[in-house]
Structures are given as structure tokens and as C-alpha cells.
Amino acid sequence: MDTPTLLRIDKGKARAQDVEPTEDTPLLASTSGSLSSRDASVEDPRAARRRLYSWLLTVFLISLSSCVLLFVVVAIIAYSYRSQASHIPPEEILQRALVVQGPDRVDVLNASRSDGVWLIVHGRVGLDAGAVVGVRREDGDGMLQDLWKSLGRWGIRRLDRVNVHLSSIQVAPRAHPDIALATISTPPLEIPLTAEPPPRDFGWLTPVQIPVLIKPTDDISALLHFVRESWKNGFVSVQATVAEAVVHGGRLGESGWRSRFVVSHSNVRPVINMKIPAIPGLPPPGNNHALPSFSDLVTLQSFAILSAHDTIVIEANATAINPVPLDLEFHSPQLPFVISLPSSDSTAPVPVASVHSHPFLLTHPNISLTVSGTVVPLERNASGALSAFVSEYISGRDADIQITTPLVPGLVVNTTFPAPRPKPEILRDVAIKDMKIKPVGTSMVASGTVHALVVLPQGIDVGVNASRVFPDVLVYDGPVPTPGDNESTETEGWLQSPPPSQPLPDPLPPRAFAHIVPKDWLPADCVPAEGPEGSGSTVAVTARIDDVPLKVLPGREREFSDFVSKVVFGSNGAVAGVQGVAAVAVRVNGLPFANGHDGEMELTGLPFRGSVRIGKKGVFGALD
């Protein structure tokens, strides 16, 4: 009988014991179970990784295909718009898309004869790129067309701006494009782009400051002809020629993807037409009206000529009509000019002064100008031209001058220096003292001392020394008729002729009976004197006349006889009127002649009038 087997209950505290295999235990039973469990734990992660790799590869291929497709689409769009932009004539782009406002301000940086004029031009500029490539929204656009334009506008916003490189710009009249007027050069420019600018609003424009170099043509006659013809026609029409214009995307110096956007054009010929606006104070342009003269544009307000620092200093104030109707802020530096006088012997003009304008601003309606300078060293042969100029001026006639500037060689402005109005009275208080008339053979001679004040016009305050005088005198029986008298005769033409070849007036003035003319200049003494209020430099001049021939005028023997009778038989003698024209040789202190200072010049055509009482015991001269 078998003994019952006691079963032990394991409460979990003892180490588990392996069951001993018996002879009946299958050899592969436990082994088979162990292998199946291990295969399951190894094969499942590998399958998951394969599925992950497959999924990632699918996403990558899809993304790559999408990017390639998007790149191709963008490239096609960019190429399409670039091709469209490159085939649009640049003249059309300038007319349709480029928007410029201004200039708002112009600063002159430098001006020279060799380099030209450097300016800084301030303005506002922008390019309506949407108009160039046709991506503006329009009524009636379909969904695909709207999508296409949206992509174009997005591309413009991404491109943002372009930089433009221009060759030198040749400016010529449209009617004669082969005649160059000026050459304009600018550095590369940045122009902002806009896809959809707001209508009738220029707030989208970007302020710019553009350096500009302008070099006018050396053919000044062609330039002046163009200005005159433009004024006659009433508008300016020019054609600009740009040999090459290259447009790069992005900012200047940028090397990213934007810089790959390149459009180039050659032989660009835009045409600019601009109507000349009316300028207040001048005849309207057009209708074949002539261009206003320089004297119509510039008005001399005041001037001063002074002897200072061993030279002659010139200062002047003038106003000029502002020809620019725009509200343009313009800053000008000093500008040099040379003043010349026509030569009396028809040779080249004689330079007499070097002046410069002070910096000025454009104001409306007139510009205020201040000019300063000095008299240049004069050649000895300049005395004739300078004397003629001063004589014209003090005779009340506008004197011819020429204005040139070294900035524009060949440009000559012929104008006049305005004479004072009314005509200044240079010789004043004329009197002949100790005058005697006596016969010498068959003729009569006169002797005495001439006294006069030489009073220069206001503004001429120079040291003056009168060294010689040449009087040409008519003697009247009684006072000289005044212009309001019934007896007055027109003698203006006679008074304008310079001695010593002074012709007699024709007809002879009433009551004039004798003519006194010395054979040569008379030595004179000169001392400074107090002049009247509002005058320039004043000197008192005296000159002695001794036995100067007194010629009885043709047909006036009776008048002469009556006058002599009054002197001889009258208790108080007789009053003789004197009228004439004189020349005075003066030296101006500080006048810089090339071979020495204080050169002499002759002032001619100086009219005078006075009277003298001639009696038995003496004479008394007084001013009328």
C-alpha cells in the first residue's frame, strides 16, 4: 500500500524550486514554450520601425514634391512677370509706373568750370510695379486670374525695391536730338516698389536725396537758342538718351535671391514735355513772344562803390524775378561773375570787376540778391572804356556792360547798368570870377577863374582828385533860358557831345552871342568839399582861363554889341549867362591799374549852367 504524499503549501517566502523532470517529461516541451515567447518580443519593434521609416519616407517625398512643385510654380510666375517686365518699353514704364513728386529742395554742393555743377535733389519717388506687370485688381477678374494676380502682388511685396544703374544721360532738344544741351550723371538709385498704390494719394512715395552732376554743353549758342525757342513756343521739349539702364532686385549691394532679378535696357530715349508756366511780371510765354532780357528779370536796388584797403570795393543789392513757380526750396552757394565794359576801339571787352553773389534762397515772387567784389587790376587801355561808362552813367543814360561767369565759359549776358533817375547834376555852383573880356587885334578874348563843385551820385564814395578840365561855354545876354521858358531851345544833343570837337547847337539858342572854347585842357586844383544831402563824394574844383578866344556866334553880332553896350554904359554892368558842357579828368583813389594805382580817367558830357555879372570894375558870378 502506498504511503500518502503530503503536500507543502508555499506561502511565498521560500525560494521557488524547479520541478525535477522525470522520465515521463517530454524533452522539448519546456524548450518550445521558451522560444515562442522570445521571438514575439524581438520581431515586433523591427516591424514598427519599418512602418515608421515607410511613413517618414512618404511624408518626405510628398513634401519634396510639393516644394518642387511650388518652386516650379513660383519660378514660372517670376519668369512670367520678369519676362513681361523686360518686354515693356522703358519709356512706357516711366510714363505709366514711375511717380515722382518734387523736387522739394535743391542744394548746390559745388560748381566748377571743369566738373560742372553738383546738386543734391530732394524729392519723393515710387514705382507702381503692379501697373508694370498688370497685377492690379480689376472688376471681372475670375478666380484663377485673381489668384494669379495675388501671387504677383505677393512677389512684388517680397521683392520690395529695385536698384537702378544708369549710364550718363544726354539731354538734347526733341527737334534736334543730335545737339547735346547737357550731360547728367547720377549714382545708382534705389526705387521702392508698390503693388497697389492708393489712388490720388502720394503718401506711399518714399523721400529720396539724389546726388546729381550736371555738365552743360560748351556750345553756349545752342543752349541759348534752345531757351529762346522754348519761350517762344511756350513749352520745353527735350529728349534724354540713356545708353544703358540695368535694374537689379533688392537694395544696393544685396547678394541674396532678390539680386537675381535683373532687367537691362539699352538706348533708352524718353521724351519730356513741360509747359512753361506764366511768371508774374513778365509777358506770358508762347505766342512767339521774345525771351525777356536780363534787365527785365533783375532790378538793381542799391549799390555802393568805396575806396577801401587800397582798392575799390563794390557792393550791390538787387531783386530778381523767381522763374520757378513751384514751392521749391533752393540753396545756392557763392557764384562768381566778371563784369566787363565794351571797348571803345571795338576790341575785346575790358574786365573791370570781379564779384560774387552771396548765398541765397528762392523766395516768391522775387529773390533778394547781394553782390560783393572788387575792381580788378586794369590795363592802361582800360581808361577809355571806364571813362565812357562813367560818362554815360552820370549823363543819365544806361551804360552797356557784359556779365560772364567762369562756371559756364562762353556765356555772355549783355545788359545795361541803370542810370540814376532823374539825371544827376555833377557840376554844380558853377561861377566865373574875375572875368574880363578884352579885344586882342581883331578878336576878343576872355579871362577869369572857373569855380565849380563836382558832386558824384549817391552810392559813389571814392576819393576823387580832379586834375584837368575842358569847358565848352556858350555866353548869353542875360540869364540862360530855362526849359520852361518860351525862349528855350533844345540843346540836349549838343550837351551830349564830348569836347574838344564840340559842334554848335543848331539852331542857336535865343540871346546866345558868344562861344568860349580853350585850345587844350586847363590845369585844375581840387579840394574835398561838403556835398549836399544824399550825394556821393564831392570836391571843389578851380581852373584859370587866360586869354581864351571869345568867338561871336554867326549872325549874333548885334546881340554881342548890345551886351557890350550894357557893360560899358550900365551903372551895374550886365549879367551874362553861361551854359555848356565840360570834361573833367579825375584820378580815383585806389583804382588799381596794372602799372600803378590811381589811373586817370576822363568824365565827359557834364552839362552845367551859371551866370556872371560883368562890369567896369569887376565881375561877380553866381548860380542861377
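Start by selecting Ser-357: leaving aside residues up to four places away in sequence, this residue touches Pro-333, Gln-334, Leu-335, Phe-337, Thr-370 and Val-371. Touching here is contact, meaning heavy atoms within 4.5 Å. Ser-357 has its place in strand β15, residues 350-357. Helices (H or I, at least four residues) and strands (E, at least two) are DSSP runs, numbered from the N terminus. Is Ser-357 buried or exposed? Its relative accessible area is 6%, so Ser-357 is buried. The cut-offs, with a 1.4 Å probe and protein chains only, are under 20% relative accessible area for buried, over 50% for exposed, and partly exposed in between.

Before you click on, some ground rules. The model is predicted, so local features need pLDDT of at least 70 and side-chain atom pairs count only at pLDDT 80 or more, while totals for chains, interfaces and linings use all residues. Residues are numbered from 1 along each chain as its sequence is written, and side-chain values use heavy atoms, with hydrogens and water left out.

**Zoom out**

Show the whole protein chain, and you have nine helices and 31 strands. Of its 624 residues, 38% are buried. Among contacts with a separation of 6 or more, 70% are between residues 24 or more positions apart. The accessible surface comes to about 36600 Å², and 57% of that belongs to carbon and sulfur atoms. Such areas come from the Shrake-Rupley method with a 1.4 Å probe; for residues, only the protein chains shown count as cover.

**Rings**

Now for the aromatics. Rings of Phe, Tyr and Trp (its six-membered ring) pair if their centres lie within 6.5 Å; planes under 30 degrees apart are stacked, over 60 edge-to-face, and the rest tilted. How many aromatic pairs does this rule give? The count is eight.

Next, pick Phe-303, Phe-389, Tyr-393 and Phe-417, which make one aromatic cluster. Then go to Trp-521: the charged end of Arg-468 sits over its ring, 4.4 Å from the centre. That label needs NZ of Lys or CZ of Arg within 6 Å of the ring centre and within 35 degrees of the ring normal.

**Salt bridges**

Side chains of opposite charge can pair when their charged atoms come close. A salt bridge is a side-chain nitrogen of Lys or Arg within 4 Å of a carboxyl oxygen of Asp or Glu, and the count here is twelve.

- Asp-107 and Arg-105: the closest N and O atoms are 3.0 Å apart. Asp-107 is buried at 14% relative accessibility, whereas Arg-105 is partly exposed at 30%.
- Arg-544 and Asp-546: here the closest N and O atoms are 2.8 Å apart. Arg-544 is partly exposed at 39%, and Asp-546 is partly exposed at 49%.
- Asp-160, Arg-161, Glu-190 and Arg-251: select these together to see a network of salt bridges.

**Last stop: a surface patch**

Finish with Met-143, Leu-144, Leu-147 and Leu-151, which make a nonpolar surface patch of about 460 Å². Patch residues have over 30% relative accessible area and no salt bridge; like charges are joined within 9 Å, and nonpolar side chains (Val, Leu, Ile, Met, Phe, Trp, Tyr) within 5 Å. Leu-151 is in helix α4, residues 143-159, and counts as partly exposed because its relative accessibility is 33%.
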